[in-house]
2 protein chains.
Amino acid sequence: MSKFVYMFNEGDKSMKNLLGGKGANLSEMTNLGLPIPQGFTVTTEACIKYYDDGEMLSDEVLAQIDDAIAELEKINGKNFGDNSSPLLVSVRSGARVSMPGMMDTVLNLGLNDEVVEGFAKATENPRFAYDSYRRFIQMFSDVVKGLPKSQFERVLDDIKEKKGFESDLELSADDLKEVVEAFKALYKKHEGSEFPQDPKAQLLDSIKAVFGSWNNERAVIYRRMNDISGKWGTAVNVQTMVYGNMGDTSGTGVAFTRNPSTGEAGIYGEYLLNAQGEDVVAGIRTPEPIKRLEDDMPEVYKEFMDIADRLEDHYKDMQDMEFTIENKKLYFLQTRNGKRTAQAALRIAVDLVKEGKVTEEEALLKVEPKQLDQLLHPMFDVKALADAEVHGKGLPASPGAAAGRVYFNADTAVEAKKRGERVILVRLETSPEDIEGMDAAQGILTVRGGMTSHAAVVARGMGTCCVSGCANVKIAADEKSFTLNGKTINEGEYISLDGSTGNIYLEDVKTVDPEISGDFQTFMAWADKVRTLKVRTNADSPKDVIKAIEFGAEGVGLCRTEHMFFEEDRIPKIRKMIVSNSVEERKAALEQLIPFQKADFKGMYEALQDRPMTVRLLDPPLHEFLPHEDEDIAELAKDMGLTFDELKATVDSLHEFNPMLGHRGCRLAVTYPEIAEMQARAIIEAAVEVKKEKGINVIPEIMIPLAGEVKELAYVKEVVLNVVKKVIEESGIELEYKIGTMIEIPRAALTADLIAEEAEFFSFGTNDLTQMTFGFSRDDAGSFLDDYYKKGILESDPFARLDQVGVGQLVEMAVEKGRKTRPDIKLGICGEHGGDPSSIDFCHRAGLDYVSCSPFRVPIARLAAAHSAILNR
Amino acid sequence: MSKFVYMFNEGDKSMKNLLGGKGANLSEMTNLGLPIPQGFTVTTEACIKYYDDGEMLSDEVLAQIDDAIAELEKINGKNFGDNSSPLLVSVRSGARVSMPGMMDTVLNLGLNDEVVEGFAKATENPRFAYDSYRRFIQMFSDVVKGLPKSQFERVLDDIKEKKGFESDLELSADDLKEVVEAFKALYKKHEGSEFPQDPKAQLLDSIKAVFGSWNNERAVIYRRMNDISGKWGTAVNVQTMVYGNMGDTSGTGVAFTRNPSTGEAGIYGEYLLNAQGEDVVAGIRTPEPIKRLEDDMPEVYKEFMDIADRLEDHYKDMQDMEFTIENKKLYFLQTRNGKRTAQAALRIAVDLVKEGKVTEEEALLKVEPKQLDQLLHPMFDVKALADAEVHGKGLPASPGAAAGRVYFNADTAVEAKKRGERVILVRLETSPEDIEGMDAAQGILTVRGGMTSHAAVVARGMGTCCVSGCANVKIAADEKSFTLNGKTINEGEYISLDGSTGNIYLEDVKTVDPEISGDFQTFMAWADKVRTLKVRTNADSPKDVIKAIEFGAEGVGLCRTEHMFFEEDRIPKIRKMIVSNSVEERKAALEQLIPFQKADFKGMYEALQDRPMTVRLLDPPLHEFLPHEDEDIAELAKDMGLTFDELKATVDSLHEFNPMLGHRGCRLAVTYPEIAEMQARAIIEAAVEVKKEKGINVIPEIMIPLAGEVKELAYVKEVVLNVVKKVIEESGIELEYKIGTMIEIPRAALTADLIAEEAEFFSFGTNDLTQMTFGFSRDDAGSFLDDYYKKGILESDPFARLDQVGVGQLVEMAVEKGRKTRPDIKLGICGEHGGDPSSIDFCHRAGLDYVSCSPFRVPIARLAAAHSAILNR
């Protein structure tokens, strides 16, 4: 028989997966001999079983709960439902990792109409007893029956108003009896039955409600945002109640062993006299700083401080503790590693090492890689944010906060920037032509497109805040205003965006710039010492490279050459190439692009010094460089000296039904080898020149994208090699280089053994690989992925977090097959997943040599790689 | 050391892969003691080596050729380049399988200015000697130097005209000397050097030219059309010349042991007195029927007939023989199994069995499955075709021939059909709205779209001729005419299409209807006896099912329910469903579709009797059911009682960048479970009703398309199951059914072990699987696939012939994983590949239970499956 219920003295802190964080820590504290109200934990396995059994508690689980109740009665010397000495309990959720506020809690369980009277007598405090009962009715109704708290609060307010009271504390025992009756009436009206009187039934209903809350919508969303698996389930803790609301020698509080905002050492917290925990959280009364406890009850304070120190030493981390004082007796209700800001996390980690409490590696594990993002981008001022109203929400596409005036196209955005304005660019979706406008903007808001849309990818690369895919934003046809949930914002008016949450504010919210402390450098150096995975960056300009190297990048893993073509002085030239009618015309047009490409490459090589750089040959379909609306075509035709019909015919001939699966990547080079020739020339000539001029030893890695068949790669490789060899020979110097491919087509992974015969390196393009493995267009999947999350089909966005079951299988297959053919093949990843910690962990385990991500994610990747190195030993 | 050159007496007929068909048969005939001019074969391996060595003959190969020449000189007692008794040879290609006319031949090699004089003396026939020399100069120049034959013919014509001759036979020896000089001058003008005089150099150049011809464009195209691998290479046969042009006791001819058009038993062929083989082929003089040889040279005829009989008995098949009579001495120059029409192939196969010459299984292997297509579709009248001019070419998208008047849209096509006209529908591309127009047409011509475009797939299903993707057809903006290569055709004018070749004729070419003979039934019954793979059909209507069952289908493998929604009386209802604003509205709209779906299913079940039927739930994205042009939207909005803006908003919200990777398949059912519910109800209610009403025991197989994740399948399956169980329960009868999925997303194949936990059957949707495995959009790939063929990257269209290396790997993986989870899982294929013989062979070997293809391909699949069963024993 499986064990589904554990008394607190049966577990320990290692049993988090089974008992949940809270349950495991209550057991641990019990073992440490600390003053813990006793109780038991119904395990996460019981939760999973509950769902497997069709949302039922099985007889086996029920029997074990019965036994645990009996044991708890024995420990307390009080009985459940006893009118003279009743046992009351709290019922709380507790998952493997903390999900604050996501799941439900019931306090004071065990009260009913009779018990409350016995409880009043036993405590000699009728006011307290009825106060507890009314709280229980309200919480039970909310948590178990879904009857909103607000309705109870309205009833309570009505009674207070009738009596002319301002504070709950003015309510007498009799007033509270009246409140209880009113609450029970509300319950009956809502449920059609009396408030349940059987404490055992109350308990089972509450346990089921907590299990049920594991799959409520906010918990599902929270899990997706925090990479928590829906399969884990939650545990339920049933704990003897203690009371902070028994008068002025009682109280309750929350405290941290260090400051969770700044990381400063020293106790930090607050407490309330004569209150239950929910009062502190709810903010109905303003709590006192914890220091006041020293004045109020010095012995209790001393005991509290001793235990707090002991807990921090024991857990080797800053603790977040809840405690209650019942008639001068101190109880700890829970402890856990405290949540903290990124700044605090770094300081605490570094301090703990300095204090000799943890090793460097232990310290590394105390900081979540994703948290580092906070340090690198502007954030909203906390006070300003408290007053701001969230008006809408999109996808958190690129982190940071931004506020500025709204403009609807790249030109007006650029002009506004020149006038010195802060700018927010609002677009239906962005395209490469918007680059300059995006660069001018503090933040970008798009109506369409997901986490890997053009806007999102480019914004992350720039480190610019971006909220994408906010379908509720309706841009007016004249592009002079937009409406969001009923409010209209005109061009030039202020809005603010939070790219870390997706929140949209229709006002100018103050932001503060990030500060990188000395702790950051110390900490990251530890990470670099331990990690084995290299970290490169995706960069398309010298500016990107400089930024990324500041952040610790060890090379460029992906230079997308097409981004170099969209600038104002270049796009006419690539367009000329596209409308060419012969190879000669095309070559002539390409010739004009060489100086630009070369200059870009030289700038990047110089910024990189001797670090490697992977350059991808032209990837997007050619129609991306041409306009699609008749009006724009007419204008461009005039500029290019073509007739409308001629240009229109070119645009039409390039039209594709599914551009993602169309004429792009190396397929372009197969049709137009001269494009690959031009690019190969620019890459190698630039390398030769920086070597000659500055003595910099670049090793260019020429990457042929989108190969799916080895002969395709071999063909383009030969085209490239012919140019490369010629340029090097003419230069009279030696130059190392590599030629490889992206693995982004399923067939490339399936045939990686053959592909490796031609490729000296593989870079996994997991964006496209995910698209094709799932058959999801990343630009369109937004329309149905929400339903997938809601219905529990997917737990996370496969474009943000690598799907290890499917896509990962292809990656592992390609690694194995590639290494079999070419044992020294260099393996990396350059998809968006290269900056995602869980995906980086996969890359580490799959045996890749490096990950490559946008500059602002480099520190995250360095830390995530360090975590993987430590945890996978 | 490898052996690259074989004398004819060193090989035999089993060595086709090494010696090529021609070389192997010449060896075999030598072994049989038949009168064969001796020679040697340079192997296919030498050809492969030639390419591997950078288009060079290696020293090793050269040395073996030298040895062979010496041996041949010994056998003949004549020497190469000898002025008194010269050895002359022919040089011919000969690949593993016959590629008639695709590669090159040189005759009379060994002649030069001196040798020709000796040859004239030795043969005592100067006219003959110079005639041979001028032929050699012309052929060598053409084959080795690419100097077009036509230029030589012009020179010859000039001389004939000058002399007032009409026939070549009037030219005297001296005239021919003049021709030789003129030919040599032409050569020099073109090449800048004298005509080569060294016989050895002539030979080596010719061998290289034949190797080179393996990769000429027409050979590459032929191979792609006929599933011949480019890796095989061709052999070269160097054979002693014999002369049919030595006077009236000489001659040359071609004969078949049975009639290759009808299959009728008895010798069939023709010959020319005093001529070389090329004269017969070129048709310059009209040959005599072979029977005339009996009168001309009775002993020779008798010998010929004896050998012909012997060869047919020996090869157990109808033989196609070339022979030459040199001064009453008969020589066989080659024999091979003769090409034949489908009708002849069937008759010969059946006759050979009746005659006791072959077994049924041997007979089955004598008919190419693809050939059967000819029997099932109209073909052009052979005589009419001879006079018709090919004006353009598209893709051979659906076989058969058609002629009719051109119409440019479905409505005018339908009206013209009503008027009794034969109709050819010409469209930029077709969409589901064109169905009725396609049904009304004899043939369909599209400008865009490949072999698996909508037009192609639907046309094949209907058995209607279709030529797709003819980019040279320019349809006028008013859709009243089109131009093709300079000629304009107006609405109502005649054109003709050959869907088996892609040829387009701008005139009314007479067609003849197919006749299915008794031989067909006999033959197909043999195929059914031996095959283990079942053959089902893809069918969307009772009409399709009836046709397919006539052709031997054993069930429906794919019923695409969306095709049922496009008819005029239904599409308004599905559109109403799409614009619904609530689940209730949507359900109400769906309710109206049930009667239609049910009626269709009942009709199909009744046609099927007790055979199984796989019904796929709605697959295409919803925007396919709505118009996209503003004008059409406005019209539809009026019909639907909506404002333009309302309908336009719906159309816009459904727009997708890559519809193929968008909101379709089971993703629709996840968002709108009510659609799956409606369809499940219709499928099961129909089955219940035909069981009750007619006692037909259908086993509906409900197929959930496009699953990539098991939870997705599980979700939709539960939605379906709830309805299915309810309907069956209410019916009070028992009904078997299955629920399964299509494997068409790479991730589904990768996770087939998990998917099989929910799926009772897999049907491989290899169209989509190919799209996603390659990252090719089948609608767009046409724009670059031609370059892929030209550059040798791909040998065949992966949408027509299953890519066994990549896509096949996923299929095999899914078969293995699926069976591991569920050993009795039913496995089939319903992609276009289900009708392609080489893909069917793969399916047989991969262990599938059945293939499913369009009705007109069912016989092909039955025969292909029989071939696989025999050949894979």
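**A tour of cysteines and salt bridges**

Start by selecting A:Cys559, which is buried, with a relative accessible area of 0%. This is a predicted model, so read every distance below as computed from predicted coordinates. Now find the cysteine sulfur closest to that of A:Cys559: it belongs to A:Cys830 and lies 11 Å away, too far for a bond. A disulfide needs the two sulfur atoms within 2.5 Å.

Next, go to B:Cys470. This residue is in no disulfide, and the nearest cysteine sulfur, in B:Cys466, is 11 Å away. B:Cys470 is also buried, at a relative accessible area of 1%.

Before moving on, colour chain A by confidence. Its mean pLDDT is 92, and 99% of its residues reach 70 or more. The model as a whole scores ipTM 0.84 and pTM 0.85.

**Salt bridges**

Side chains of opposite charge can pair when their charged atoms come close. Over all chains, a search finds 138 salt bridges.

Select A:Lys598 and A:Glu685. Their side chains meet in a salt bridge, 3.1 Å from N to O. A:Lys598 sits in helix α23 (residues 583-608) and A:Glu685 in helix α27 (residues 673-694), both of chain A, so the pair ties together parts 87 residues apart in sequence. Are these two residues buried or exposed? A:Lys598 counts as buried at 17% relative accessibility, and A:Glu685 counts as buried at 18%.

Move to chain B and select B:Asp320 with B:Arg336. The closest N and O atoms of this salt bridge are 3.2 Å apart. B:Asp320 is in strand β9 (residues 319-326) and B:Arg336 in strand β10 (residues 329-337), so the bridge ties together parts 16 residues apart in sequence. B:Asp320 is buried at 7% relative accessibility, whereas B:Arg336 is partly exposed at 26%.

Stay in chain B for B:Asp836 and B:Lys370, a salt bridge whose closest N and O atoms are 4.0 Å apart. Where in chain B do these two residues lie? B:Asp836 is in the loop between β30 (826-829) and α34 (837-846), and B:Lys370 is in the loop between α14 (360-365) and α15 (373-376), so the pair ties together parts 466 residues apart in sequence. B:Asp836 is buried at 4% relative accessibility, while B:Lys370 is partly exposed at 41%.

To finish, return to chain A and select A:Asp131, A:Arg134, A:Arg135, A:Asp157, A:Lys160 and A:Asp168. Salt bridges that share partners join these residues into one network.

Conventions: Residues are numbered from 1 along each chain as its sequence is written. Chains are lettered from A and ligands numbered from 1 in the order in which they are written. This is a predicted model: local features need pLDDT of at least 70, side-chain atom pairs count only at pLDDT 80 or more; totals for chains, interfaces and linings use all residues. Side-chain values use heavy atoms; hydrogens and water are left out. pLDDT is the predictor's confidence in each residue, from 0 to 100. Buried means under 20% relative accessible area, exposed over 50%, partly exposed in between (1.4 Å probe, protein chains only). Helices (H or I, at least four residues) and strands (E, at least two) are DSSP runs, numbered from the N terminus.
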